[in-house]
Amino acid sequence: MNYTELLRNSLKARGLSEATIRRKLQEWKRFSEYLANHNRDIRDVDASFLERYILYMKSGEYSGSTQNTARALLKDLFELLHRKSLILTNPFSAAQIVISEKGGAKAVLSKEQVVDFLEVIEPISGYAIRDRVMFELLYVTAMRSQELVNLDVEHLDLKSKEVFIAMGKNRKDRIVPLGDTALSFLNLWLKRARKWFTLEESGALFVNDTGGRLSTSTVRMRFKHWLKEAGLQNKGFTPHSLRHSCATHLLENGADIRYVQELLGHDSIETTADYTRDIVKDIKRIHRSYHPRENEIFPEDL
């Protein structure tokens, strides 16, 4: 099997630039050499092997950008191999590997921009209905793209307006609220549009045009498409920005940070604060006002 050509053709089909394709193929070459050095066939790679490879890169002299390209390459590669039935399971989906999307931590949509983005997706065609549901869910639940595509229909409790997110990042299950708006679009998708798609994976909530489970790369592609339609392209927004925006808007509206922490599925409240950089100083001021003994930790010049 010529994995290089298989990968090249897949990347070209996604419309990536030649420069991006070259960088990803360079990382594929580096990874294939690592496989050979460890006498490992790509079909026998598991999650722990991928984690060791990323640790190997972190311990070397590779830049953060190169490490992130390597992570993205592994994600693309194993999604492709799984989609082509060349491997039985996707080891990347089980690995503790995080891809930092450019601008994701800082690119928060304003409340008005969220409305503009969502409402430009008119739920007319099957694809548009699917996309509207996806992005309504990402914003209202603050779930990650990987968690979104992993959803099965059985993870929904429409009566209670809840979504069960199984084994999210850090192997943490959680239940998040749906909200009436997202629920109305979900009903439209489930009762009307989803049946227009061939359902190879009948349990998957979101499927692609061939009936398979939707991939995160497709989510990114559709997100970029609707950003352009809404006139919000080239601002650094990614699907993860909807997660950041949800957390930021909740905190701005007075939500308890502990609630936001649970919604996001964070183990530490400091991680939640990292997601809301623009208002961290305000949170610290509030904390200091209620905890005078914290003045030593939060200096007066904050």
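**Close-up views of a predicted model**

**View 1. Ala107 sits in the loop that runs between helix H4 (64-83) and helix H5 (111-119).** The model shown here and in the other views is predicted. Ala107 has a relative accessibility of 7%, so the residue counts as buried, the cut-off being under 20%. Apart from neighbours within four places in sequence, the residues in contact with Ala107 are Lys235, Gly236, Phe237 and Ser241. One of these, Lys235, is 128 residues from Ala107 in sequence, yet the two C-alpha atoms are 7.4 Å apart in space.

**View 2. An open sheet is made of 3 strands in the order S1-S2-S3, with antiparallel pairing.** Strand S1 (156-157) and strand S3 (174-177) are the edges; each has a single partner strand, so one side of each has no neighbour in the sheet. Between S1 and strand S2 (residues 162-165) there are 2 bridges, in the antiparallel sense. Asp157 has Glu162 in S2 as its bridge partner.

**View 3. Phe31 and Tyr53 form an aromatic pair.** The model has 16 aromatic pairs. In this one, the ring centres of Phe31 and Tyr53 are 4.9 Å apart and the planes stand at 70°, so the pair is edge-to-face; planes over 60 degrees apart count as such. Phe31 belongs to helix H2 (residues 18-37) and Tyr53 to helix H3 (residues 47-59), so the pair links distant parts of the chain, 22 residues apart. Phe31 and Tyr53 are both buried.

**View 4. Phe31 and Tyr53 also belong to one aromatic cluster.**

Conventions. Residues numbered from 1 in each chain as written. Predicted model: local features only at pLDDT ≥ 70, side-chain atom pairs only at ≥ 80, totals over all residues. Heavy atoms only, no water. Helix = DSSP H or I, 4+ residues; strand = E, 2+ residues; numbered from the N terminus. Buried < 20%, exposed > 50% of the residue type's maximum accessible area, 1.4 Å probe, protein only. Contact = heavy atoms within 4.5 Å. Pairing = 2+ DSSP bridges. Phe/Tyr/Trp six-rings, centres within 6.5 Å; stacked < 30°, edge-to-face > 60°.
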